[in-house]
Structures are given as structure tokens and as C-alpha cells.
Amino acid sequence: MTQIANDTDFRTAIESLDFNRQRIVAGLFVKNVLGLCDDERIAGVIGVATSTSASADELASALKTARAATIDCHTRCGSEGDWQAQAGYFVARAATAAVSPESQSKGGGPAWQAAMSSRMARTSQQIDAEDVSASDESEQQYKILSDYLNL
């Protein structure tokens, strides 16, 4: 039984996954912060990301949708520093990472990129709420990954 307890184990476990399993885990990370984004398109993107039978066409379409949502969310952030809008932007970025093809995947792969953007989304939400006591997103991600690996 795998139990992830720190970022070193977290990253090692992610790197051990093949690309499709990383995509699914990335989707699970985004699903955990989905409520921080009010763009309804992201839920559909995550549905594709977490599907074990997603086709290349479905993934390509989801990527276009995620990119469009990312741009729209970024525009809503504005120059005033709207932290809640910023959280939505990071959720959209995480969703984009989850459905990006392997050839366009950034360092650490889709699961790592989605995890980092999801953490930024949670941090933005905590700043907006002035809530320093909120749970740590990384701890929740450790549990999500541990649960996935123990299926």
C-alpha cells in the first residue's frame, strides 16, 4: 500500500506513471479545485482528462476548450489583482496541463504541472478569503495520488 507523505515521494510517484495515467491523475488534481473556477467548460475538460477511454480527437478538443478558458480566465483577473479570478485562471491552467499532448507537456509531465497550478489556485483562494488556516492543497494531492495508486 503506497502512502505519499512529502513532495519528494509525490514527484517520484508521478514520474513512475505512464503518460496516460499522469493525465488521469492530473484530472483528479484539477477536480479537487474545480469549485474555484466558475468557467463551466473546465468540468467538461476534466471529464475527458479522467476518462480511461478518451480518444485523441476528444483530447484535442478538450485542449482547445481548456486553452480558451485559460485566456478568458486570465482576462477576468484584470489589473486589480482579483484573487478569486486568479484562482480560476490557475484551475484553467491546470486543466490545460491535464489534456496537453505528450509532445507539448512541460517539465515534470501533466500531473506535476496540474498539481502546481492547482496549488496556486488554492493559494489564490486563501489570499482572497484571508484564510491562513485552510488545508494545504499539497496534503490533499498526496491523498489523491495515494488513493489512485492503491486502486
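**Figure 1. Helices α5 and α6 in the predicted model pack with their axes 8 Å apart.** In this predicted model, the angle between α5 and α6 is about 170°, which makes α5 roughly antiparallel to α6. On the side of α5, the contact is formed by Trp-83, Gln-84, Gln-86, Ala-87, Phe-90, Val-91, Arg-93, Ala-94, Ala-97 and Ala-98. Their partners on α6 are Pro-110, Gln-113, Ala-114, Ser-117, Ser-118, Met-120, Ala-121, Ser-124, Gln-125, Ile-127 and Asp-128. Sorted by class, the residues of the contact of α5 with α6 comprise twelve nonpolar, seven polar and two charged.

**Figure 2. The largest nonpolar core has 44 residues.** Within this core, the residues that touch the most other members are Phe-10, Phe-29, Val-30, Ile-42, Val-91, Val-99 and Leu-145. Two or more core residues come from each of α1 (7-15), α2 (19-33), α3 (41-49), α4 (56-77), α5 (83-99), α6 (109-129) and α7 (137-149), and α5 gives the most, with ten residues. In soluble globular proteins, nonpolar side chains tend to be buried together.

**Figure 3. The surroundings of Val-91, one of the core residues that touch the most other members.** When its neighbours within four places in sequence are left aside, Val-91 is in contact with Val-30, Val-33, Leu-34, Leu-36, Cys-37, Ile-42 and Ala-121. Two of these partners, Val-30 and Ile-42, are themselves among the residues of the core that touch the most other members.

**Figure 4. Helices α2 and α7 meet with their axes 10 Å apart.** The packing angle is about 140°, and that makes α2 oblique to α7, while the crossing in which α2 passes α7 is right-handed. From α2, the residues in the contact are Arg-21, Ile-24, Val-25, Leu-28, Phe-29, Asn-32 and Val-33, and these meet Glu-137, Gln-140, Gln-141, Ile-144, Leu-145, Tyr-148 and Leu-149 of α7. The contact of α2 with α7 divides into nine nonpolar, three polar and two charged residues.

**Figure 5. Ile-144 of helix α7 and its partners in contact.** Ile-144 is buried, with a relative accessible area of 18%, a value that falls in the buried class because that class covers everything under 20%. Ile-144 and Asn-6 are 138 residues apart along the chain, and their C-alpha atoms are separated by 13 Å.

**Figure 6. Val-33 of helix α2 is a buried residue.** The relative accessible area of Val-33 is 1%. Val-33 and Arg-119 are 86 residues apart in sequence, yet 8.7 Å apart in space, C-alpha to C-alpha.

**Figure 7. Helices α2 and α3 pack with their axes 8 Å apart.** The angle between them is about 150°, and α2 and α3 are therefore roughly antiparallel to each other; α2 passes α3 in a left-handed crossing. The contact brings together Arg-23, Ile-24, Gly-27, Val-30 and Lys-31 of α2 with Ile-42, Ile-46, Val-48 and Ala-49 of α3. By class, the contact of α2 with α3 has six nonpolar, one polar and two charged residues.

**Figure 8. Thr-65 of helix α4 is partly exposed.** Its relative accessible area is 26%. With residues up to four places away in sequence not counted, Thr-65 touches Arg-41 and Val-45. Thr-65 and Ala-115 are 50 residues apart in sequence, and the C-alpha to C-alpha distance between Thr-65 and Ala-115 is 20 Å.

Methods:
Residues numbered from 1 in each chain as written. Predicted model: local features only at pLDDT ≥ 70, side-chain atom pairs only at ≥ 80, totals over all residues. Heavy atoms only, no water. Core = buried A, V, L, I, M, F, W, Y, C linked by side-chain atoms within 4.5 Å. Buried < 20%, exposed > 50% of the residue type's maximum accessible area, 1.4 Å probe, protein only. Helix = DSSP H or I, 4+ residues; strand = E, 2+ residues; numbered from the N terminus. Contact = heavy atoms within 4.5 Å. Axes fitted to C-alpha atoms, helices over the stretch in contact; angles between N-to-C directions. Parallel < 35°, antiparallel > 145°, perpendicular 65-115°, else oblique. Left-handed = near helix turned anticlockwise from the far one by under 90°. Nonpolar A, V, L, I, M, F, W, Y, C, P; charged D, E, K, R; others polar.
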